[in-house]
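This briefing goes through a single chain, topic by topic, for a reader who has the sequence and the coordinates at hand. Please keep the structure in view while reading.

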Amino acid sequence: MDFIKIKKLKKIDFYPKFCLIIHMKHPDDFEDTKDLSIYVYDIIKNISLTHSLRKTNPELYNFFFCLFQRHPEKEKKEVSLITDISIRKFPGAKKIVIEHRDKQFVIIKSNGSEDSISWIKCVHKTVFTKNKHLNMAFRYAIKDQIRAFKNDNKNKPCELCKTYNNLTADHVIQFYKLKNDFLLENPICPDEFTEDKFGSVIFRREDVKFVKAWQEYHRKNAVLRILCSPCNDNLDEYHPEKKKLRKILQIKLN
Ligand SMILES: [Zn+2]
């Protein structure tokens, strides 16, 4: 029985425990980090809290041992010294029903020390800076508006080259400008983030007021248009076409 079959069973609720998994994949089997994210997320969703993953589920222990070897700061984290993994409730999680985001991985090392570890960093092999996190969370917060705009304009071609392939929504007034202008008005900005089920960086629930204010600001001020990916990639702030358009639109907005 392989993981794919098990996943199908899971959908009809005949898959209560991970001990059914006989052939787990290795983290390096995935070419795409998004696929790896989904795979790990599925595991974490179902995994129980444990003091010793090595004892409760050796196969999962092996999987996470390999995953943690991908940590972008593996020397500092001393992941080669891992002798066990414990899965605990995050200190801040007060809920009775534990969700995936409430589970904290702690590595136990042969030198006797313990350290928490982020599976997201191990999936992506990257340490994101706070600023990058902030950008990602800002973008994530307006995802629904972008989706709605694309939906409302789904019969339109690229505004520049008229193709119907690889269409995206482009911010005519650049996204970073909108974000920075918003931050000037709302300088008290969250600097802690969380992740959605696919590992995307998002604002935390307690920052909902800030998120709502940003969504409202974006709804009022963003000017979007349909562009294909190549046109979008070729336009930068120095591109005359974009500069001209932006000027016209900014005059209109002012
Ligand atoms: Zn185009």
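In which loop is Asn166 found? Asn166 sits in the loop that runs between helix H8 (143–152) and strand S4 (167–171). The model is predicted, and its chain holds 12 helices and 7 strands. Of the 254 residues of the chain, 17% count as buried, and among contacts between residues at least 6 apart in sequence, 66% join residues at least 24 apart.

- Although Asn166 and Ser229 are 63 residues apart along the chain, their C-alpha atoms are separated by 5.7 Å.
- When residues up to four places away in sequence are not counted, Asn166 touches Cys228 and Ser229.
- Lys162 is found in the loop between H8 and S4, and, with 10 C-beta neighbours inside 10 Å, Lys162 counts as exposed.
- The phi of Lys162 is near 70°, which is a positive value in a residue other than glycine.

**A second residue with positive phi**

- Most residues other than glycine have a negative phi.
- Glu78, which is not a glycine, has a positive phi of about 55°.
- Glu78 belongs to the loop between helix H5 (74–77) and S1, and its 16 C-beta neighbours inside 10 Å make it count as partly exposed.

**The sheet of S1, S2 and S3**

- Three strands form an open sheet in the order S1-S2-S3, with antiparallel pairing.
- Strand S1 (82–89) and strand S3 (114–117) stand at the edges with a single partner strand each, so one side of each is left without a neighbour in the sheet.
- Neighbouring strands of this sheet are turned by 30° against each other on average, direction ignored.
- Strand S2 (residues 103–109) pairs with S3 in the antiparallel sense over 4 bridges, and Val106 stands opposite Ser116 in S3.
- Helix H4 (residues 58–68) packs on the sheet and touches S1, S2 and S3, while the direction of H4 makes about 100° with that of S1.

**Helix H2 and its buried side**

- Helix H2 (residues 33–46) has 14 residues and reaches 20 Å from its first C-alpha to its last, close to the 20 Å expected at 1.5 Å a residue.
- The buried residues of H2 are Leu36, Ser37, Tyr39, Val40 and Ile43.
- These residues cover an arc of only 165° around the axis, which puts them on the same side of H2.
- The partners against which the buried residues of H2 pack are H4 and helix H6 (119–124).

**Nonpolar cores**

- The largest nonpolar core has 21 residues, of which Val40, Phe64, Leu67, Phe68, Ile85 and Ile107 touch the most other members.
- At least two residues of this core come from each of H2, H4, S1, S2 and H6, and H4 gives the most, with 6 residues.
- Leaving aside its neighbours within four places in sequence, Ile85 is in contact with Leu53, Arg54, Tyr61, Phe64, Phe105, Ile107 and Ile108.

- Is Trp214 buried or exposed? Trp214 is buried, with 22 other C-beta atoms within 10 Å, and the threshold for that class is 20 or more.
- Trp214 lies in helix H10 (residues 208–221).
- Which residues does Trp214 touch, not counting residues up to four places away in sequence? On that count, Trp214 touches Phe138, Ala141 and Phe182.
- One of these partners, Phe138, is 76 residues from Trp214 along the chain, and the C-alpha atoms of Trp214 and Phe138 are separated by 8.0 Å.

Notes: Residues are numbered from 1 along each chain as its sequence is written. This is a predicted model: local features need pLDDT of at least 70, side-chain atom pairs count only at pLDDT 80 or more; totals for chains, interfaces and linings use all residues. A residue is buried if 20 or more other C-beta atoms lie within 10 Å of its own, exposed if 12 or fewer, and partly exposed in between; C-beta atoms are placed from the backbone. Two residues are in contact if their C-beta atoms, placed from the backbone, lie within 7 Å. Two strands pair if DSSP finds at least two bridges between them. Axes are lines fitted to C-alpha atoms, for helices over the stretch in contact, and angles run from 0 to 180 degrees between N-to-C directions. The expected span of a helix is 1.5 Å times one less than its number of residues. The arc is that of the directions from the helix axis to the C-beta atoms. A nonpolar core is a set of buried Ala, Val, Leu, Ile, Met, Phe, Trp, Tyr and Cys residues joined through C-beta atoms within 7 Å.
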